[in-house]
Amino acid sequence: MHCQHCGNKYEPSAVYCSKCGKPLLQDAQANEQTQAVVIQEHELFVREASASLVPEQAPVRNRRARTGAGRKFIIALVPVVVFITTSAGVFSYYIYESDLNDHVAEWHEQAKQRAWGGKYHEAMLQLEKAAKVRPAYGVLQEDMDIVNEAVAIENKINSLASELDNGALTEAAPLVKQLNTLLAGREEQIFSPLREAFADLNVRMVVVQVQNELDQINSLDALTVKLNTVNGLGGEEAVAVRKQIVDKIAIVCQQQTKELLQKKSFSEAIATVEKGMAYAPEDKNLTKLLESIHAEKQAFEKAEQERIERAMQKAAEEDLLNQTAAAQVVKVDTSFDETGSFKIHALLKNAATRPIYSVEIQYSVRGKDKQILKKGTSIAMPNYIEPNESFTFDATVEGIEEADATVVIDHVTWYLD
């Protein structure tokens, strides 16, 4: 036979279900039969009592017979009264036990609701109160066992929260591992508050870890990795650490940009600021910095263009100088030696910006009326002349008799190094 309330199988002699504690159907049916018998006997008694209370107009000679019948009725009534009294006791006991079962069921339901809400200690009190009344009610002990398990997990969660409050990640790590094991596969509703609390603590752990590392991170790429780590996390702490990372991204971005600007790496500086703005679009300092970089870049490019033009002009001038005016005459001395020969000694300087070599000098000796008396060619010494270095040439000219004859450098040729 099976309980009509929970379906648990029970023995024929059982009065209450060993699983749910409620009265069994056969007991209820017996009680109904008992009540029916009591009602029938009561109606019979009333009819007979009424009959006995209404006197019949019988002759006096029948009084002895009626008296004998009354004694027989009283004797017959004794079993009925005993039956009624017994039935009333059984019925009262049934009512009492049923009332206790109702209380146990109510306490059990209250325990369940408290446990589902994460109030495990309150749930345990309700279960203990119910078990005290129904110690043989097996489901109560099972529920107390699972509530004790939930309390143990809750204690570990509280310990983990305390370690995270103190920033003790090393101590928190083994607790996380234990809780992952304890909650693995526990999908019962009683563990839902614990799973949610543990999930929140996992978020906190990631946040605390990022916060501890944040001061040591000065790389824009590393900061963006940390930002991506916390972007999917919820809660006020995650929001706060995201703001810290974004603020530091802006600071690091400005520092890196300053270094790039010192190197005049404008394109890299612009790319760095734009990368920072992708994560901190509302940062006004980055917006102003980007504008200033563009302005500085334009000014630099304009100045660079002007510098290039000046350099080109200077190079052209230098080239012209090197090509046409590298040999600069410093002085020319003339004299007659003891044999009457005309001596020439000239000092020149390399006015070019590059070394010159194989310098050949063409000259002419002229009289007082500037007529050409003689012409000649001479090789300068030394052969290789650095910029601003001096070089000379010497020559002897025969047949010059005019004492005031002069020498004119007509043409100088050279090679540029």
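**Figure 1. Contacts across the chain of this predicted model.** Take the contacts between residues at least 6 apart in sequence: 61% of them join residues at least 24 apart. The chain contains 10 helices and 7 strands. Of its 417 residues, 32% count as buried.

**Figure 2. Helices α8 and α10 packed against each other.** Two packed helices are described by the angle between their axes and the distance between the axes. Here, α8 covers residues 236-262 and α10 covers residues 284-324. The angle between them is about 15°, and their axes lie 11 Å apart. Angles under 35 degrees count as roughly parallel, so α8 and α10 are roughly parallel to each other. Their crossing is left-handed.

**Figure 3. The residues where α8 meets α10.** On the α8 side, look for Ala-250, Cys-253, Gln-254, Thr-257 and Leu-261. On the α10 side, the contact is made by Asn-285, Leu-286, Leu-289, Ile-293 and Glu-296. How many of the residues in this contact are nonpolar, polar and charged? The contact of α8 with α10 has 6 nonpolar residues, 3 polar ones and 1 charged one.

**Figure 4. The stacked rings of Tyr-357 and Tyr-384.** The whole structure holds 5 aromatic pairs, and this view shows one of them. A pair of aromatic rings is described by the distance of the centres and the angle of the planes. For Tyr-357 and Tyr-384, the centres are 6.4 Å apart and the planes are at 20°. Planes under 30 degrees apart count as stacked, which is why this pair is called stacked.

**Figure 5. One aromatic cluster of Tyr-357, Tyr-384 and Tyr-415.** Which of these residues are partly exposed, and which is exposed? Tyr-357 is partly exposed, with a relative accessible area of 29%. Tyr-384 counts as partly exposed at 36% relative accessibility. Tyr-415 has 51% relative accessibility; exposed means over 50%, so Tyr-415 counts as exposed.

Methods. Residues numbered from 1 in each chain as written. Predicted model: local features only at pLDDT ≥ 70, side-chain atom pairs only at ≥ 80, totals over all residues. Heavy atoms only, no water. Axes fitted to C-alpha atoms, helices over the stretch in contact; angles between N-to-C directions. Helix = DSSP H or I, 4+ residues; strand = E, 2+ residues; numbered from the N terminus. Parallel < 35°, antiparallel > 145°, perpendicular 65-115°, else oblique. Left-handed = near helix turned anticlockwise from the far one by under 90°. Contact = heavy atoms within 4.5 Å. Nonpolar A, V, L, I, M, F, W, Y, C, P; charged D, E, K, R; others polar. Phe/Tyr/Trp six-rings, centres within 6.5 Å; stacked < 30°, edge-to-face > 60°. Buried < 20%, exposed > 50% of the residue type's maximum accessible area, 1.4 Å probe, protein only.
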